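Hello,

Here is the structure I promised to pass on. My notes follow below it.

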Amino acid sequence: MIDRPGPRRELERIRESAGPGAAHSRIALGAGPLPDRLRAAILALACARGEGSSTCPSDAARALADEWRPLLPQARELARELARAGEVRLTQSGRSLDPDGQWEGPIRIRLAGHAHG
């Protein structure tokens, strides 16, 4: 295994642990279509971090590409889709966001079961 810092290494650890998010991390680190991999990275990171924590769309983008900034709008849109499906909850400054609402700035992604905020 290559020793990589940051979200990419986190996905690799999740995959190796076979714990929460392992199946998603295998997809994220695989060779499938980028949107599927990005969606899986969001879910893997959220699952592994658990209900008491969160992840950022940029974490998923950085896990998949060195040049991650172009992936950020797609990661944010996929986070919206996952929130609409009830798989995750989006927050900003501790407040829940409507996935269909207008918002900008940094957001956090939490497992849907986390009711705080």
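Strands β1 (residues 88-92) and β2 pair antiparallel over 2 bridges. Strands count as paired if DSSP finds at least two bridges between them. Within this pair, Q92 stands opposite R95 in β2. (Axes are lines fitted to C-alpha atoms, for helices over the stretch in contact; angles run from 0 to 180 degrees between N-to-C directions.) Helices (H or I, at least four residues) and strands (E, at least two) are DSSP runs, numbered from the N terminus.

Two points on provenance. This is a predicted model, where local features need pLDDT of at least 70 and side-chain atom pairs count only at pLDDT 80 or more, while totals for chains, interfaces and linings use all residues. Residues are numbered from 1 along each chain as its sequence is written, and side-chain values use heavy atoms, with hydrogens and water left out.

Now the core. The largest nonpolar core has 25 residues, of which L11, V88 and L90 touch the most other members. (A nonpolar core is a set of buried Ala, Val, Leu, Ile, Met, Phe, Trp, Tyr and Cys residues joined through side-chain atoms within 4.5 Å. Buried means under 20% relative accessible area, exposed over 50%, and partly exposed in between, with a 1.4 Å probe and protein chains only.) Two or more residues of this core come from each of α1, α3 (34-49), α4, α5 and β1. Helix α3 gives the largest share, 7 residues.

L90 deserves a look on screen. Leaving aside neighbours within four places in sequence, its contacts include A79, R80 and A83, as well as W103, I107 and I109. Contact here means heavy atoms within 4.5 Å.

Helix α3 has 16 residues and reaches 22 Å from first C-alpha to last, close to the 22 Å expected at 1.5 Å a residue. (The expected span is 1.5 Å times one less than the number of residues.) Its buried residues are R37, L38, A40, A41, I42, L43, A44, L45 and A46. What covers them includes α1, α2 (22-28), α4, α5, β1 and β3. G50 follows α3 and has a positive phi, near 85 degrees.

Helix α5 has 13 residues and reaches 18 Å, first C-alpha to last, close to the 18 Å expected. Buried in α5 are A75, L78, A79, R80, L82 and A83. These residues pack against α3, α4, β1 and β3. Just after α5, G86 takes a positive phi of about 80 degrees. P73 also lies in helix α5. P73 is exposed, with a relative accessible area of 55%. The C-alpha atoms of P73 and S58 are separated by 9.3 Å, though the two are 15 residues apart along the chain.

Last, the charges. Side chains of opposite charge can pair when their charged atoms come close. A salt bridge here is a side-chain nitrogen of Lys or Arg within 4 Å of a carboxyl oxygen of Asp or Glu. By this rule the count comes to 10 salt bridges.

Which residues does E12 pair with? One is R8, with the closest N and O atoms 3.4 Å apart. E12 and R8 are 4 residues apart in helix α1 (residues 6-17), so about one helical turn separates them. The other is R9, at 3.9 Å, N to O. R9 and E12 are 3 residues apart in α1, about one turn of the helix. E12 is buried at 6% relative accessible area. R9 also counts as buried, at 16%.

In helix α4 (residues 57-64), D59 and R62 sit 3 residues apart, about one helical turn. Their side chains meet in a salt bridge at 2.5 Å, N to O. D59 is buried, with a relative accessible area of 8%, whereas R62 is partly exposed at 34%. Both belong to a network of salt bridges that links E10, R49, D59 and R62.

Best wishes
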